[in-house]
Amino acid sequence: MATPLLAVVSNFAFVHPLILLGLLLLPVLALLRGKIGGMPGILFSSTQLVVAVGKKRRSRAGAVLSSLVYAAMACLIVALARPQLGRTLEHVTASGVDIMLVLDVSGSMIAEDYVMGDKRVNRIDTVKRVTQQFIEARPNDRIGIIAFAGRPYLVSPLTLDHDWLIQNLDRVQIGMVEDSTAIGSALASAANRLKDRDSKTKIIVLLTDGANNAGKVLPFTAAEAAHALGIKIYTIGAGSDGPVPVPLKDQFGRTVYQNMVFDFDEKLLEQIAKIADGKCFRAADTRSMDNTFKEIDRLEKTKVEVEKTADYRDFFPIFLLAAALLLATEAILSQTLWRRLP
């Protein structure tokens with residue numbers, strides 16, 4: 001499966017940016033011109049006669065004419081620096097991976113044997129958090145989700161709309177179907193979603209904390225079928241061994257905790273992964289759960305090819321035209337409306 005994308009990146013730049021330093025000279029030039037002035041047109045025997053005139057500010061007309069000249073010079077400097085508006089077209093072709101996430105939502109996933117910060121959290125919330133991070137890290141892949149307990153149900157078909165996918169993931173809860181653990185049926189359902197896809201890489205990520213005790217399809221049969229379809233299966237065993245704290249309600253509606261032991265068939269997960277050319281992981285704590293999804297992400301990298309084409313538009317003619325118009329305006333005004341004495 002190749003996912004074509006087109007990205008357009010625009011940026012404004014100068015071909016010769018150092019020329020813009022010439023703009024710093026304009027205030028200096030204006031200051032020197034104001035101090036030195038031009039050649040006198042009339043000679044006086046004593047400068048006392050024009051002292052009062054010298055103290056007055058330059059006339060408004062003279063200030064406007066000078067401003068036009070300096071603005072024209074600024075435009076010329078900017079034109080010499082060659083301003084350009086660049087538009088880079090990025091043609092991205094992603095050889096993505098089709099992934100079905102198969103998540104156990106049986107009653108045992110309520111056990112609170114994971115820790116985030118200093119707070120104890122249950123298995124299902126931990127799985128949903130790391131699953132969301134996994135989805136966000138793979139923007140070019142089609143990802144779907146199947147949840148299962150006593151039977152599988154579709155949370156989301158394969159999609160590139162990962163925002164919508166995560167919204168559906170948030171709604172996954174324990175107790176949405178009858179309790180039990182139908183691993184084989186869940187794998188068969190996921191494989192059925194992937195079988196007609198033309199992608200080069202198709203994988204199933206199975207996460208469970210139990211042993212297969214329900215469903216009409218045996219896990220080994222489902223794994224062999226997936227292997228025949230060219231689908232790899234990664235299996236993740238969630239939760240710690242031994243007694244784990246499980247929240248329960250007492251007769252007064254208060255939450256109490258009771259240590260319970262759940263059946264977990266790690267050898268089954270190892271065999272499923274072996275049959276379907278995958279890998280088996282054990283995520284007994286929060287860190288190992290994070291590392292497991294990161295490892296799967298690393299093993300199944302998406303190939304992305306980027307072809308860039310650049311298109312630039314020069315703006316120096318506009319600044320040259322602006323400079324010419326400013327100089328022409330100054331020349332016309334100085335010879336007509338604001339004509340000066342020689």
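1. The axes of helix 4 and helix 5 (residues 162–170) cross at roughly 175 degrees and come within 10 Å. Helix 4 and helix 5 are therefore roughly antiparallel to each other. From helix 4, the contact takes in K128, T131, Q132, I135 and E136. Helix 5 supplies H162, L165, I166, L169 and D170. Sorted by class, the residues of this contact are 4 nonpolar, 3 polar and 3 charged.

2. The overall picture comes next. This is a predicted model. The protein chain has 10 helices and 13 strands. It has 342 residues, of which 39% count as buried. Among contacts in the protein chain with a separation of 6 or more, 79% are between residues 24 or more positions apart.

3. Helix 4 has a further partner to look at. Helix 4 (residues 123–136) and helix 9 (residues 286–299) have axes that come within 10 Å and cross at roughly 30 degrees. That makes helix 4 roughly parallel to helix 9. The crossing of helix 4 past helix 9 is right-handed. On the helix 4 side, the residues in contact are T126, V127, R129, V130, T131, Q133 and F134. On the helix 9 side, they are T286, M289, D290, F293, I296 and D297. The residues of the contact of helix 4 with helix 9 comprise 6 nonpolar, 4 polar and 3 charged. T131 is listed in the contact with helix 9, and T131 is also listed in the contact with helix 5.

4. Aromatic pairs deserve a separate point. The structure holds 2 of them. F134 and F293 have ring centres 5.5 Å apart and ring planes at 65 degrees, so the pair is edge-to-face. The pair links distant parts of the chain, with F134 in helix 4 and F293 in helix 9, 159 residues apart. F134 is buried, and F293 is buried too. Both residues are also listed in the contact of helix 4 with helix 9.

5. Now helix 7 and helix 8. The axes of helix 7 and helix 8 (residues 266–275) come within 8 Å and cross at roughly 20 degrees. Helix 7 and helix 8 are therefore roughly parallel to each other. Helix 7 passes helix 8 with a right-handed crossing. P219, F220, A223, E224 and H227 of helix 7 meet L268, Q271, I272 and I275 of helix 8. The class count for the contact of helix 7 with helix 8 is 6 nonpolar, 2 polar and 1 charged.

6. E224 lies in helix 7 (residues 219–228). E224 is partly exposed, at 47% relative accessible area. E224 is listed in the contact of helix 7 with helix 8. From E224 to K274 the C-alpha to C-alpha distance is 10.0 Å, and the two are 50 residues apart in sequence.

7. D104 is worth checking in the viewer. D104 sits in strand 3 (residues 98–104). D104 is buried, with a relative accessible area of 0%. Leaving aside residues up to four places away in sequence, D104 touches M109, I124, F148, T181, L207, T208, D209 and G210. D104 and L206 are 102 residues apart in sequence, yet 8.0 Å apart in space, C-alpha to C-alpha.

8. Most residues other than glycine have a negative phi. R82 is not a glycine, but has a positive phi of about 55 degrees. R82 lies in the loop between helix 3 (60–80) and strand 2 (83–95). R82 is partly exposed, with a relative accessible area of 29%. D277 is likewise not a glycine, and has a positive phi of about 55 degrees. D277 lies in the loop between helix 8 and strand 12 (280–283). D277 is partly exposed, with a relative accessible area of 46%.

Conventions. Residues are numbered from 1 along each chain as its sequence is written. This is a predicted model: local features need pLDDT of at least 70, side-chain atom pairs count only at pLDDT 80 or more; totals for chains, interfaces and linings use all residues. Side-chain values use heavy atoms; hydrogens and water are left out. Axes are lines fitted to C-alpha atoms, for helices over the stretch in contact, and angles run from 0 to 180 degrees between N-to-C directions. Helices (H or I, at least four residues) and strands (E, at least two) are DSSP runs, numbered from the N terminus. Angles under 35 degrees count as roughly parallel, over 145 as roughly antiparallel, 65 to 115 as roughly perpendicular and the rest as oblique. A crossing is left-handed if the near helix is turned anticlockwise from the far one by less than a right angle, and right-handed if clockwise. Contact means heavy atoms within 4.5 Å. Ala, Val, Leu, Ile, Met, Phe, Trp, Tyr, Cys and Pro count as nonpolar, Asp, Glu, Lys and Arg as charged, and the others, Gly among them, as polar. Rings of Phe, Tyr and Trp (its six-membered ring) pair if their centres lie within 6.5 Å; planes under 30 degrees apart count as stacked, over 60 as edge-to-face and the rest as tilted. Buried means under 20% relative accessible area, exposed over 50%, partly exposed in between (1.4 Å probe, protein chains only).
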